[in-house]
Amino acid sequence: MKKVLILVIAVTFMVGAASSSATYLTKATQAGDDSTLTDVKVCPINGDTVTDANAPNETYGKYKIYFCCAHHKQEFDGLSDSQKEKKVLAAIRKQVDNDEGR
């Protein structure tokens with residue numbers, strides 16, 4: 001019985017986390033359509049807001065990712081796709097939170 005309860009709690013948590021992630025991605029991309037890139041101006045490596053228009057950047061999927069420095073861009077380039085997705089999602093979450101005044 002304990003195993004079933006733990007499994008139900010784990011599944012509930014995972015569903016909540018997945019829907020939360022989808023909400024952040026939806027808010028981050030609402031302004032553009034599928035043919036435009038969404039700017040992510042939070043460095044995915046250290047979470048700092050990037051304000052320099054000439055900051056190092058790269059396109060990753062539907063996102064134009066900005067980095068606070070060239071070293072962090074190189075570090076990002078060395079990550080696996082799974083690690084990159086997690087870093088980009090975290091940067092988007094922070095950007096959305098910043099935009100909402102949190």
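Good morning. I shall begin at the end of a helix: Gly101, which follows helix H3, has a positive phi, near 80°. Please bear in mind that the model before you is predicted.

Let us look at H3 itself. The helix covers residues 81–99, 19 residues in total. From its first C-alpha to its last, H3 reaches 27 Å, close to the 27 Å expected at 1.5 Å a residue. Which residues of H3 are buried? They are Lys84, Val88, Leu89, Ala91, Ile92, Gln95 and Val96. Because these residues cover an arc of only 165° around the axis, they lie on the same side of H3.

I turn now to the sheet. In general, the strands of a sheet pair through backbone hydrogen bonds, either parallel or antiparallel. Here, 3 strands form an open sheet with mixed pairing, in the order E1-E3-E2. The edge strands, E1 (38–40) and E2 (57–60), each pair on one side only. From one strand to the next, the twist averages 25°.

Strand E3, residues 63–66, pairs with E1 in the parallel sense over 3 bridges. E3 and E2 run antiparallel and are joined by 4 bridges. Lys64 in E3 stands opposite Asp39, and Lys64 is also the bridge partner of Thr59.

How many residues lie between E2 and E3 in their hairpin? There are 2, and Gly61 in the turn has a positive phi of about 65°.

Finally, consider the side chains along E2, which alternate. Glu58 and Tyr60 point to one face and are buried. Thank you for your attention.

Key:
Residues numbered from 1 in each chain as written. Predicted model: local features only at pLDDT ≥ 70, side-chain atom pairs only at ≥ 80, totals over all residues. Heavy atoms only, no water. Pairing = 2+ DSSP bridges. Axes fitted to C-alpha atoms, helices over the stretch in contact; angles between N-to-C directions. Buried < 20%, exposed > 50% of the residue type's maximum accessible area, 1.4 Å probe, protein only. Expected span 1.5 Å × (residues − 1). Arc of directions from axis to C-beta.
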